[in-house]
Amino acid sequence: MEEGNGKAASHRIVASDDIEVSTYLEIAKEKQGVQAAPKPGDIPHGVREAVAIIDFGSQYSHLIARRVRECSVYCELFPYDSPLSKIMSINPRGFILSGGPASVYEKNAPLTPVGIYESHLPVLGICYGMQSITHQLGGTVAPGSKHEYGQAVLHVSDQSSPLFKDLDSSLTVWMSHGDEIMEMPAGFRSSAYTENSPNAVITDGGKLFGLQFHPEVAHTPQGKQIIRNFLYNICGCRGTWTPGNFIHESIASIKEQVGDGRVICALSGGVDSAVAAKLVHAAIGDQLTCIFVNNGLLRREEPERALETFRKNLRMNVVYVDATDRFLDQLKGVIDPEKKRISIGGEFIKVFESEAKKLGKIDFLTQGTLYPDVIESATPETKAAAKIKTHHNVGGLPSKMALTLIEPLRYLFKDEVREVGLELGLPEDMVWRQPFPGPGLAIRIIGEVTRERLEILRGADWVVMDEIKKAKLYRQMWQTFAILTDVHSVGVMGDYRTYGYLVAVRAVTSQDAMTADWARLPYNLLATVSNRIVNEVPGVNRVVYDITSKPPSTIEWE
C-alpha cells in the first residue's frame, strides 16, 4: 500500500492449498461475472509488441510507462476496472500492476481483473500490485509492524531468477509501503528480502512476480534493468517500439482511417502539432490542410516566426487565421483557469469548423495531443488518475463536434515525439522548441486576460527567453517563462512611488512534464533577468523566482 485511500469493487479469490490457482480463478470469475480472457493463441500476432499496465492510482504509474517505453517496448495504462476486452485489445505480451493508495484487505479495495491471471501471460506486481497478487491468490496481506519509506538494501537470494539477470546480489531500492505480505500464496517463494521485508520479491517460479519496492523511480538505480529483464527475459519482448516503426504504423493507420476524406490540422507553433501534421501529410498528402490560428495569446513575434517555419519546413497548405478579437472577447471577465481552458478549447473548434466550411467538405481534425495531456486530464481511459487540469485539446473540447479527431501522438511522451520528429526530418530548432501550452499566455496571466496585461507579459517573457538563450541554457531547460500575477506591490523608481505588477519567473527541468524540478539558475542570470524586466517592461516593479517542484505544484501556474 502507498499512502492515501482509494477503493473500488472487486472480489478476493478464496485460498486453499488443496485447490489449483485455475480453480480459484474460475470461482472468482463466476462470482464477478467476468468474461474469460482470450487465450494467447486466439490473439493474432500483431507487428507491435506491447505490455499493459494496470493502474491502481499510484503517483508513479506514469513512470512505469516511461521506463517500459525506454526499453523500446510499447505500453498503455489501463484503469484497474477497465473491460478485459479493452485491455486485451493491444495484444499484450504481459502485464505490470502498479502501486496504489488502498489496502487490499479493505472492503471493496481495487484488485486485478481475474482474467489477467487466466491469460497465463507474465505478470509483474509492484507494491500494491504485488499485494493484489498475494491477496487474490490466497496469501495474507496485513499492516506491517514497521513501515518502509525511502531507500533500502535488497538482498537477492535467488540469483538464477530471470528478473535479476546481470544484476548484483545486493541492490539499493526505493520502498513506500505500510502493508506487508505475512503469508505467500501456495506455490510462491521469496527470491529477495530487505531488513524489514522478508518477502520483498516473490514468484511462483513461473510467470508471476511481485516486487514490494518501486523499480520505476530514479531512487532505485537498477530498477530500469529489472523492468527490462521482465520485458525481455520473461515476456519475450524484442524491443520493436522505435520511431521508425511508429511512423510506419501511424501512416498505415491514418490512411485506413481517413480513406478519401479531407483533414485539417491545428498548428500551434510547437513540435507536437508539427509532428502530427507531418505524419498525416506523409499518409494522405494534399488531402490535408493546416490551419494556424493566431488567438492573440501567443508570445512576441511568435505568429510571424511560426508561419515562416511551417511554410519553409512542412511544405504543405497552411491557412493563417487571425482570431485575436474572437478569443479575447470570449475571455472577458473570465478569471477561473479551468473556464479559461474550456473557453479557449471551445473557440478553437469553432474557428476550425468555420474555416473548414470555407474549404468545402472536411471530415477530420488533427491535433498534437500527447499522453501526459490525456493522463492529467483524467479522461475515461485514465480515470484511476486524479484530474489535475483540463488540457484544451482533451477535456476542453465540446462534446459534439462536426469533425472527427485524429490524434496520432495520443500515446506518446514528449521525448518520443521529438525522436519521431527527427526521424521525419524536421529541423532541430523546431523539434527542440520548449513546450508552450495550448491556451497560451491566458494561463500565465493570473486573473482576467486583457490586451494591456498580455503586452506586459509578452515583454517580461521576451526578456526571460532572451537571457536563457544568451546563457546557452535553452536546451537544458524543459520550460522557461514569465507569469504575470494579480499581485501589486509598492516600489520606488526615479524617486517616485510606484504600485506595479509582480512578475514571477519559472524555469524547470523535466523529461516528460509528469514530474519537474525547478532549475538552479545562476544568481547573476536571475539578477540580469530581474533588472531588465523592471527597466524594460512598463508597469512591473518586482520580480520573484518560483522554486517549487512538480509535485506538489504544476509547471504552469494555472
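Predicted model: local features only at pLDDT ≥ 70, side-chain atom pairs only at ≥ 80, totals over all residues.
Proline 113 sits in the loop that runs between β3 (92-97) and α4 (114-118). Along the chain, proline 113 and tyrosine 80 are 33 residues apart, yet their C-alpha atoms are separated by 7.1 Å. If we set aside the neighbours within four places in sequence, the contacts of proline 113 are Ile54, Tyr80 and Ile87. Is this proline buried or exposed? Its relative accessible area is 13%, so proline 113 counts as buried.

Aromatic rings also meet elsewhere in the chain. A search through the whole structure turns up nine aromatic pairs. A pair of aromatic rings is described by the distance of the centres and the angle of the planes. Take phenylalanine 327 and phenylalanine 348: their ring centres lie 5.2 Å apart and their planes stand at 65 degrees, which makes the pair edge-to-face because an angle over 60 degrees counts as such. This pair links distant parts of the chain, with phenylalanine 327 in helix α10 (residues 324-330) and phenylalanine 348 in helix α11 (residues 337-359), 21 residues apart. Phenylalanine 327 and phenylalanine 348 are both buried.

A second pair is formed by tyrosine 371 and phenylalanine 413, again edge-to-face, with 5.7 Å from centre to centre and 65 degrees between the planes. Here, too, distant parts of the chain are linked: tyrosine 371 belongs to helix α12 (residues 371-376), while phenylalanine 413 lies in the loop between β14 (404-406) and α13 (414-423), 42 residues apart. Both tyrosine 371 and phenylalanine 413 are buried.

Let's go back to helix α11 for a moment, where glycine 346 has its place. With a relative accessibility of 17%, glycine 346 counts as buried, because the limit is under 20%. Glycine 346 is 19 residues from phenylalanine 327 in sequence, and the two are 10.0 Å apart in space, C-alpha to C-alpha.

Now to the helices and how they pack. Two packed helices are described by the angle between their axes and the distance between the axes. How do helix α7 (residues 243-258) and α13 cross? Their axes come within 9 Å and cross at roughly 80 degrees. The two helices are therefore roughly perpendicular to each other. On the α7 side the contact is made by Pro243, Gly244, Phe246 and Ile247, and on the α13 side by Glu419, Val420 and Glu423.

Our last stop is helix α15 (residues 451-470), which packs with helix α16 (residues 523-536) at an angle of about 150 degrees, the axes being 9 Å apart. That angle makes α15 roughly antiparallel to α16, and their crossing is right-handed. Which residues meet here? From α15 come Ala460, Val463, Val464, Asp466, Glu467, Ile468 and Lys470, and from α16 come Leu525, Thr528, Val529, Arg532, Ile533 and Glu536. The residues in the contact of α15 with α16 divide into seven nonpolar, one polar and five charged.

Note on methods. Residues numbered from 1 in each chain as written. Heavy atoms only, no water. Axes fitted to C-alpha atoms, helices over the stretch in contact; angles between N-to-C directions. Helix = DSSP H or I, 4+ residues; strand = E, 2+ residues; numbered from the N terminus. Parallel < 35°, antiparallel > 145°, perpendicular 65-115°, else oblique. Left-handed = near helix turned anticlockwise from the far one by under 90°. Contact = heavy atoms within 4.5 Å. Nonpolar A, V, L, I, M, F, W, Y, C, P; charged D, E, K, R; others polar. Phe/Tyr/Trp six-rings, centres within 6.5 Å; stacked < 30°, edge-to-face > 60°. Buried < 20%, exposed > 50% of the residue type's maximum accessible area, 1.4 Å probe, protein only.
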